[in-house]
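Please consult the sequence and the structure shown here while reading.

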Amino acid sequence: MSITTRRTVLRSTVLAAATALAAAISTLPAQALDAQWCKDVHIRFFVGGAEGDAFGTIVYNGAKQAEADLGPKVDYIFSQWDVEKMVQQLREAVAVKPGGIAMMGHPGDASIMPLAEQAHKDGIRMMYQNVPVPKVTAAFGGGYVGAQQEQQGRALGAEAFKLAGLKAGDKAIMIGPFENENRGARERGTVAALKEAGVEVIQLSSPPSGEWASDPNLAIPVITAALLNNPDVKAVGYPGGQMLGNVPTYMQAAGRKAGDIFNFGFDTSPQIVEGFKGGWVQLTADQQPFLQGYLPILSLCQQVVLGLAPINVDTGAGFVTPENYEIVAELAKQALR
């Protein structure tokens with residue numbers, strides 16, 4: 001075969017392939033190409049906290065934006081961060097048999113596993129946000145949108161050690177749901193990073209039913225007592241944006257001034273922005289909760305309508321400090337960041 005003949009055959013092959021691809025695209029379901037292409041899909045979405053919760057509101061805003069963009073029918077479930085309530089609500093959600101469920105992973109693998117199995121049998125697509133449940137997704141599928149808990153916790157501990165100027169022998173307090181296998185991995189990671197650097201860490205366990213996240217003022221007596229009993233504490237870590245945003249109240253209740261203690265934790269919110277502005281908060285790890293609302297709904301729509309695989313995204317974006325908080329301040333005030 002001559003070179004000219006081979007080139008002609010190659011061009012003909014490419015043309016045929018392009019024609020076949022164009023034909024295949026033209027046969028895609030019309031709703032996949034239209035606005036509101038997910039309008040026939042019913043989704044139950046777990047927001048996590050109560051209505052108006054600082055962190056949950058950003059998650060909710062992300063989910064509402066996805067609903068507006070894509071068109072599914074979404075039922076929003078509020079749980080006050082109560083893991084037992086989440087399990088019961090998930091049981092009810094599976095019984096309804098929606099097209100998809102976006103579930104907070106706080107109850108953990110063991111509690112979610114049987115309900116995920118039932119959802120799998122019923123053909124319900126699953127996504128998880130905020131707290132990973134790797135055993136569940138390995139057994140019955142589903143994707144995850146959120147920070148990797150232990151990894152983010154360790155990174156925060158190392159950053160706090162550096163920015164606070166801590167040294168071996170210094171004392172810190174870390175608050176968290178340490179007994180929760182999945183959710184507590186983040187705070188356990190922070191404790192581990194600090195201890196490995198030689199810091200003495202006092203651990204304060206937060207209630208498993210989520211009261212401190214729902215109402216941060218309930219933690220005032222415990223935190224105040226810990227600070228009064230340990231006047232040499234140089235840093236305090238908080239398990240979520242609700243409590244981190246309440247730092248001025250904790251410090252003032254314990255008779256401390258802004259800057260006396262290095263306060264650090266997770267998330268952003270209007271309250272945390274004010275904490276940075278007033279010198280009360282020195283460090284937070286941003287996990288982009290807006291994405292934890294938007295992407296699970298996008299993924300469920302893609303799974304149900306287009307048959308695509310679940311999305312897996314690590315939203316642990318980095319750190320916010322007094323030097324850079326103004327970059328996210330306006331979006332945080334709008335409950336988008």
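## A buried arginine and its surroundings

R44 is buried, its relative accessible area being 18%; here buried means under 20% relative accessible area, exposed over 50%, and partly exposed in between, computed with a 1.4 Å probe on protein chains only. The structure is a predicted model, in which local features need pLDDT of at least 70 and side-chain atom pairs count only at pLDDT 80 or more, while totals for chains, interfaces and linings use all residues. Residues are numbered from 1 along each chain as its sequence is written, and side-chain values use heavy atoms, with hydrogens and water left out.

R44 belongs to strand β1, residues 42-46. Helices (H or I, at least four residues) and strands (E, at least two) are DSSP runs numbered from the N terminus. The R44 side chain forms a polar contact of 3.3 Å with the side chain of D75. Such a contact is a pair of N or O atoms within 3.5 Å; within protein, one must be able to donate a hydrogen and the other to accept it, and residues adjacent in sequence count only if both atoms are side-chain atoms. Apart from neighbours within four places in sequence, the residues in contact with R44 (heavy atoms within 4.5 Å) include D75, I77, E92, A93 and V96.

## Helix α3

Helix α3 covers residues 83-96, and its end C-alpha atoms are 20 Å apart, which agrees with the 20 Å that its 14 residues should span at 1.5 Å a residue. The expected span is 1.5 Å times one less than the number of residues. D82 caps the N-terminal end of α3, with a side-chain oxygen 3.0 Å from the backbone nitrogen of E84. Within the helix, V83, M86, V87, Q89, L90, A93 and V94 are buried. Their cover includes β1, β2 (73-77), β3 (100-104), α4 (109-121) and β4 (125-129). After α3 comes K97, whose phi is positive, near 60°.

Helix α7 (residues 185-196) has 12 residues and reaches 16 Å from its first C-alpha to its last, close to the 16 Å expected. Among its buried residues are A185, G189, V191 and L194. Elements covering the buried residues of α7 include α6 (149-163), β6 (171-176), β7 (200-205) and β9 (262-266). G198 follows α7 and has a positive phi near 95°.

The axes of α6 and α7 come within 7 Å and cross at roughly 35°. Axes are lines fitted to C-alpha atoms, for helices over the stretch in contact, and angles run from 0 to 180 degrees between N-to-C directions. Residues of α6 including Q149, R154 and F161 meet residues of α7 including A185, T190 and E196.

## An exposed position

E326 lies in helix α14, residues 325-333, and counts as exposed at 62% relative accessibility. The C-alpha atoms of E326 and T284 are separated by 13 Å, and these residues are 42 residues apart along the chain.
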